[in-house]
Amino acid sequence: MSFLTQCLAGTLDGDPNIRIQAELKLSELFTQNQFSFETDKPSMTVSTSLDSEARVLHSAAAAVGKYVNERWSPIFNAWKGTSAPPEASVQVRSTLFRGLSDPARGIRSVIASVISKIAHSDWPDHYSTLLNDLIGLLQSGSTDAIHGALQVFSDLSKDELTEEQLIPVLRELVPILITVVGQAEHTNFTRARAISTFKQSIVSLIMVKDQYPDAIAEASSGVLPQWLETFGALLEADPLAELRGSPDWSPLAVRLQIFRTLVAIAISLPKILAPVYPNFVAISISHLEALLPVFQRYYVAHDNETPPPTTPADDPDQMVALPVLASSIFEFLGLAARSRVLQSYFLDRDEAHLERCVRLVPLWAQMTEDDRQTWSSDSNAFIAEQDDDAPLMTLRTATIDFLQVNLLDAFSTSTVRKLQETTAGIVEQSSQARQEGNADWWKPLEAALAVLGAESDALSDIVQAEADEGRPKPFDTDTLLGSVIPSLLGIHDCPFLQGRAFVFAGNFATFLSPELTGQYLNAAVGVIELPHAGIPVKVSTVKAIQRLTRSAKSPLAKSYAPRILATLAPFLSTAADETLSLILDTLTIVVQIDLGSWLNPDVVSSLTAALVDVWKRNYEGKLQSRSELHAEPLNPILLSEIAEMVKALAASPSPDAFSSVVNRLLPAIVGALDQAALKPQESWIASSALELTAGILEAADKGKLGDGFVAGLAPSLFNSLSMATDRDVILNGCECVTLIVRKGSDQLISWRNPSGQSGIQVVLALVSKMVSPSENEAAGLLVGDLIVHLIRNCGEAIFPVLPELLQTLANRIPTAETTTFIQSLIVPFAFLIHSHRDTVLSLLESMTVSTGPSTSENGLNILIKTWCEYAESFIGFWPCRISIVALCDLFLAPNLRLKEIDVKGDIIIRPETRDVVMTRSRAKQIPTEYERTKFPVKALKLILHELQATETLTKEETKPDNVESDDGDDEWADDEIFEGIKDEELVFLSDVLDEVEKPESAEDDEDLKDDPVSQLDMRAYLLSFIQQCASADPNTFALIARQLTENEANVVQRIIIG
C-alpha cells in the first residue's frame, strides 16, 4: 500500500489517534505541495487512490476537495497560499474528471463538487476544455457519466456565473440537456436531473439578469421557448398510463422537475410564458384531476396500498412522491391565477376553469392515512400540523395557500360562490357515502371544513362586503353553523371530523348568535371532560374554546370560565411541547375574561403553583438531559407563554390575586436565581426567572408591590446581576430593576444590602457594570430607560449620587460604538437638561473625560459632539421628543462654552463624487467628509428637520403616473399594484401609513405616556420656539440662520413670516 493510500485509509480509522495522525500527514503534503504521480514516494496521488477501495477513494476525493479550498486559488475564502504548479494542476483536473464516471454515486458527487469548485477559479481561462469535456460525458450514453456531468453543472450553477461562463452554458451545454430530456433511452431519473440542472441554470440567470441583459434576451428568444415546447410535449402524455407502466413511479420525477421549472420561470420571467400559459394551466388542472384517484387509493384510503419509496435508492436526489408533485402544480396554478393574461381564462362565460380549481382544493387537502395514524397518538405532531403559523409545507397547506393567496385574492366573490357550491356538494356526497358504509366518508368533509376554516377571515370579509353592497351572501354560513356542524359534534367514531367541526365553529365564531356560542362552548367543554375522548378531539376542542371565548360576550364567556379552567388546568402537569403551549395560551385567554374579575385567591394560587411546576419541570429537565459543556436555554416561546399567564393572573382585580401570585412564585424565583449564581454555565435559569419576575412587575399597580417584595427579591436579583455575563440575564434583569423603580421606588430607597449600601447605590453599581467598556454594548441597551425612571421616581434620593452617575455615563460616551447604546447614554442627559439645564451644564463643564491613553476632554464637549452627530438616528417616541426638546433648551442657554463647541455639520459634496453611486471600494478611496459648524447652527438644523418630519403633509394623488415598464411586461397584475383600487381606498391607505409614521403615544411605558413631553403638540411647540427665538434676539438668530442651507433658511423665513 502506498504512503498516500495509508494516509487516506487512516482518515477513516475508528481510532481517533490514528485518524488525527493521518489528517496531519495529509495537511503536511498539502503544505509541501507535492504532486508527484509516482506511487512509491510521499505524494498527493489522486490516480493511485482511484484504484483503491471505495471508502479510501471517497476519502481521497474529500482530501482533494480540502486541498482545492485551501491551496488552489486565492479567490477561495479558505486560501492558505502556495498554489500547485500549472503542470500538476492540469494532471489533477484530468484525473479528477475521470472520476465523474466512477460507478459509485457518492464518489461521483464528491468529485463533481471539487471540479465545480476548480471551475469557478480556472474556467474558461485555465480550463478551456471543461465545457466540451462535460458535453462529451452527456453524449456518452453512460448513466454514470451523465450523472457526474449533470452534478458538476448543477453545483456550478448554484454560485453566480460570470458572463464569460453563462453565455457558453446557454449556447452549448443547455441544448445538450434538452437532448437528454427528449431521449427515451435515458432513465426517468436521469431526464429529471437534466431538467433540474436546467432549472438551476435559469435560476442563476435570473439572479444576474440586471447585469447581463443580453443573456436574458438570448434565453428568452431561443432557449426557453424550445424548453417550454419540450415540457408541453412531455406533459401531454397520459400520467396514469405512465404510472401503470412504471412500478417505481419514476415518471413523476420528470413531471415534478418540469413544474418546479415552470414555477421558477413564472416567478421571474412571466412574460415568456404568456403564449403558452393557458395550455400549461389546462394541463395542470387535468393532471390534478387525473391523478386524484391515485392519491386517494395510495394515500387517503383507510386500506390504502403502499406507494413506491419517496426517494429512489439509485438516485436519492430525485423525488417520486405524488403529494410533492401536486404541491408544485398548485404553486404553479397559483402564480397563473395572479397573472392578468389569464383573467379571462379563469373568468370565462361559466367560470368552468375556476370551478374545477376550487373543486380540487378540498379533495387534494384530504388527510392521508399516515397522517391519521400519526396524529391519533401524537398530540404535538397534530397541533404542529394544524397551527396556522406553522412553517411546515405540506400538500394541505399548499392547497390552502393556493386558495387563499391566489384565488380568493384574484377572484374573491366568484371563488366564494364556487366554494359554496363545492362545500354543498361535499356535504351531500359525504352523507351518501356514509349511508353506503364507506369508511372514508368523513375525509372529504373534514378537508372541506379545514380549508374553509383556514380562509375564515377572508370569507368573512367578502361575505360582509357583499352584504354591505346589498347583494346576496355568496356563502351560506347559517346552514353550516346551524345544522351541519352541530350534527357532527357527537360523531365519536370519527374523531378528526368531530374535532374539525369544533374548530370550524371557532373559526366562524363571529357569525354565531349568543345562544349558538353557548351551545358550542358547552359541547366543547363537555367533550374535554369525557375520559375516553381521543387526542384529535381534545386538541380541536381546546382550539375552538380559544376562539369562542374571544368572540363571546363577556357575561357568557364568564359563565363558562370556571368550568373551562377546571377542565384544562390538570393538563398542565402532563402536557409538553406544542400541547403545553396550546393549553397555556387557552388558559391565558380564559383568565383574562372580564379582566380576571371572576378569579378567587385559591384559584390564582393553585394555577400559579401549577405554572411554577411547569417552569421547574422544563428547566430541571434541561439540567438532566443537557451536556455539561453545552447548556441549552428553555424554549423561549414556552417561557413567554408562562410569563404571559403569570402577568394575566397577577393583573386580576380580584382581591388578593396579586399577593397570591407573589407568595407562590417569588420563592421559586429567588431559589432559581440563587441556584444559577452558583453555576454560571446555567445562566439561562436566571434569565427565565427574571422574565417571570418581569411578568409579575408589569401587572403590579404603582406603589402596590406588597410589603417586603423588594426586600425578598433584591438580594438574589442584584447578586445575580453583579456576576452575570450572559446578555439575556443582564437585559431581563435591567428590565426588572426598571420596573421596580417604576412600581416600588419607595421600597427600593428604603432597602439596604448586607454591606449597608442603599438600593440607589446598588442600582448605580449595576449601571456602572452595564456601561463598562468590558461589557457587550447590547447588554446596556436598557440602561437609559432605567436611569430616566430612576430620576423620575426616586426624587431627592437620587441627587447625592447624581454627579457620580453622570460621570459614569460621560466616561463611556467616547468609546461607545452602536447608535442604540449611544442613545441609551445620552437620553438621561437630555431628560435632566430639560428639567435642570444650568445645573447639569455646570456639572458637565467640571467633568474631565478620558478620550485616549494620554488625552482627555471636557465632559460638555464630549456630550454635545456625540449628541449632535447621532441625534437624527435616535429611535422611540419619547426619546426622540426629549432629545429635540432638550436641544431647544440648550439653544437658549446663555453658556458661552456651549455656543463655541465645534460639531459635525453637513456632508461635503465634491464635484468628483456628485451623482456618483458610492460603492464600498469607492468609499474607501474617497472617504466621506463633513463640514465643521458651531453647536447653535447644528441644533437649529436638527430642530428644523424635526419640524419638517412632524409637518402634516398635504395629501397628494397617491396613484402613480402610468409609466412604461422597463421590461415591457405590462400584462402582469403585480406590476400595477394600484390598478383597480378606488381613490377613497388609496386615501384610507395613506391615512393608515400616516398613523404608522406618526405614533400618538409613547410605546407601552405608562409612565412616559403621561409625561408632559409626550403630550406636547410638537409642531406647535417648535414653530413657537423658532418664532420666539427670532423675535427675542433678531441679530444673533439672523447670524445663525445665515449658516443654514438655502432650503433650511427658506423654512425659517416662512415660519417667521407666519
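Student: Why are helix α45 and helix α51 called roughly perpendicular to each other?

Tutor: In this predicted model, α45 (residues 935-950) and α51 (residues 1046-1057) pack at an angle of about 70 degrees. Angles of 65 to 115 degrees count as roughly perpendicular, so α45 and α51 are roughly perpendicular to each other. Their axes lie 11 Å apart.

Student: What makes the contact between α45 and α51?

Tutor: On α45 the residues are K941, L944, H945, L947 and Q948, and on α51 they are E1048, V1051, V1052 and I1055. By class, the residues of this contact divide into 5 nonpolar, 2 polar and 2 charged.

Student: Why is α13 described as roughly parallel to α16?

Tutor: The axes of α13 (residues 251-268) and α16 (residues 322-337) cross at roughly 25 degrees and come within 9 Å. Angles under 35 degrees count as roughly parallel, which makes α13 roughly parallel to α16.

Student: In which hand does α13 pass α16?

Tutor: The crossing of α13 with α16 is left-handed.

Student: Which residues of α13 and α16 meet?

Tutor: Those of α13 include L252, L256, F259 and V263, and among those of α16 are L325, I329, F332 and L335. The residues of the α13 contact with α16 divide into 13 nonpolar, 1 polar and 3 charged.

Student: How many disulfides does a search of the whole structure find?

Tutor: It finds 0 disulfides. A disulfide is a covalent bond between the sulfur atoms of two cysteines.

Student: How do you know that the sulfur of C734 is too far from the closest cysteine sulfur for a bond?

Tutor: The closest cysteine sulfur to that of C734 is in C736, at 9.3 Å. A disulfide needs the two sulfur atoms within 2.5 Å, so the sulfur of C734 is too far away for a bond.

Student: Are C734 and C736 buried or exposed?

Tutor: C734 has a relative accessible area of 0%. Buried means under 20%, so C734 is buried. C736 has 0% relative accessibility, so C736 also counts as buried.

Student: Why does A465 count as partly exposed?

Tutor: A465 has 38% relative accessibility. Buried means under 20% and exposed means over 50%, with partly exposed in between, so A465 counts as partly exposed.

Student: Where is A465?

Tutor: A465 is in helix α24 (residues 456-468).

Notes: Residues are numbered from 1 along each chain as its sequence is written. This is a predicted model: local features need pLDDT of at least 70, side-chain atom pairs count only at pLDDT 80 or more; totals for chains, interfaces and linings use all residues. Side-chain values use heavy atoms; hydrogens and water are left out. Axes are lines fitted to C-alpha atoms, for helices over the stretch in contact, and angles run from 0 to 180 degrees between N-to-C directions. Helices (H or I, at least four residues) and strands (E, at least two) are DSSP runs, numbered from the N terminus. Angles under 35 degrees count as roughly parallel, over 145 as roughly antiparallel, 65 to 115 as roughly perpendicular and the rest as oblique. A crossing is left-handed if the near helix is turned anticlockwise from the far one by less than a right angle, and right-handed if clockwise. Contact means heavy atoms within 4.5 Å. Ala, Val, Leu, Ile, Met, Phe, Trp, Tyr, Cys and Pro count as nonpolar, Asp, Glu, Lys and Arg as charged, and the others, Gly among them, as polar. Buried means under 20% relative accessible area, exposed over 50%, partly exposed in between (1.4 Å probe, protein chains only).
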